Amino acid sequence: MAENSTVARPYARAIFELAQESASYPAWSAFLERAATIVMDERVAGLIDSPKLSRSDIAELMIDLAGDGAGDEGHNLIRLLAENDRLALLPEITAESVSYTHLTLPTSKPKCSCGWAREQY
């Protein structure tokens, strides 16, 4: 959906710039892949939409599931997305960040195995 892509793009751009500055793109890429795959799981999607869990609880669950690959910055991203009801955008954010890498780093080979991105690219 174009709207999701439009909303995801600034997040992806910020992540890409942070990853470039810290030379941590492989870690960010792996973290985003895990997080995107997790939110696409029907069980997790149901929890994200559940009124019984707070946004903070959902964020902590996602952080536990996604791991520490991107460190505190990755955890902060998850918290920010949860706070703004945008965790479901993680597949689009991941795909957009892959696009930035592909367009900006000509020697890189973008790799994204999440289902949504495979359908788009």
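User: What should I know before reading any values here?

Analyst: This is a predicted model, where local features need pLDDT of at least 70, side-chain atom pairs count only at pLDDT 80 or more, and totals for chains, interfaces and linings use all residues. Numbering runs from 1 along each chain as its sequence is written, and side-chain values use heavy atoms, with hydrogens and water left out.

User: At what angle do the axes of helix α2 and helix α4 cross?

Analyst: Helices are DSSP runs (H or I, at least four residues), numbered from the N terminus. Axes are lines fitted to C-alpha atoms over the stretch in contact, with angles from 0 to 180 degrees between N-to-C directions. Here α2 (residues 25–40) and α4 (residues 55–66) have axes that come within 9 Å and cross at roughly 125°. That makes the pair oblique, the label left over once angles under 35 degrees (roughly parallel), over 145 (roughly antiparallel) and 65 to 115 (roughly perpendicular) are taken out.

User: Which residues make that contact?

Analyst: Contact means heavy atoms within 4.5 Å. On the α2 side you'll find F31, R34, A35, I38 and V39, and on the α4 side M62, L65 and A66.

User: Is L32 buried or exposed?

Analyst: Buried means under 20% relative accessible area, exposed over 50%, and partly exposed in between (1.4 Å probe, protein chains only). L32, which lies in helix α2, is buried at 1%. Leaving out residues up to four places away in sequence, L32 touches I15, L77, L90, I93, T94 and S97. Also, L32 and A12 are 20 residues apart in sequence, yet 9.9 Å apart in space, C-alpha to C-alpha.

User: And where is H75?

Analyst: H75 sits in helix α5 (residues 71–83) and counts as buried at 10% relative accessibility. Skipping residues up to four places away in sequence, H75 touches F31, I63, G67 and D68.

User: Which residues touch the most other members of the largest nonpolar core?

Analyst: In soluble globular proteins, nonpolar side chains tend to be buried together. A nonpolar core is a set of buried Ala, Val, Leu, Ile, Met, Phe, Trp, Tyr and Cys residues joined through side-chain atoms within 4.5 Å. The largest one has 32 residues, and W28, M62, I78, L87, L90 and I93 touch the most other members. Its largest share, 8 residues, comes from α2. As for L87, its contacts beyond four places in sequence are V39, I48, I58, M62, I78, L81 and A82.

Methods:
Helix = DSSP H or I, 4+ residues; strand = E, 2+ residues; numbered from the N terminus.
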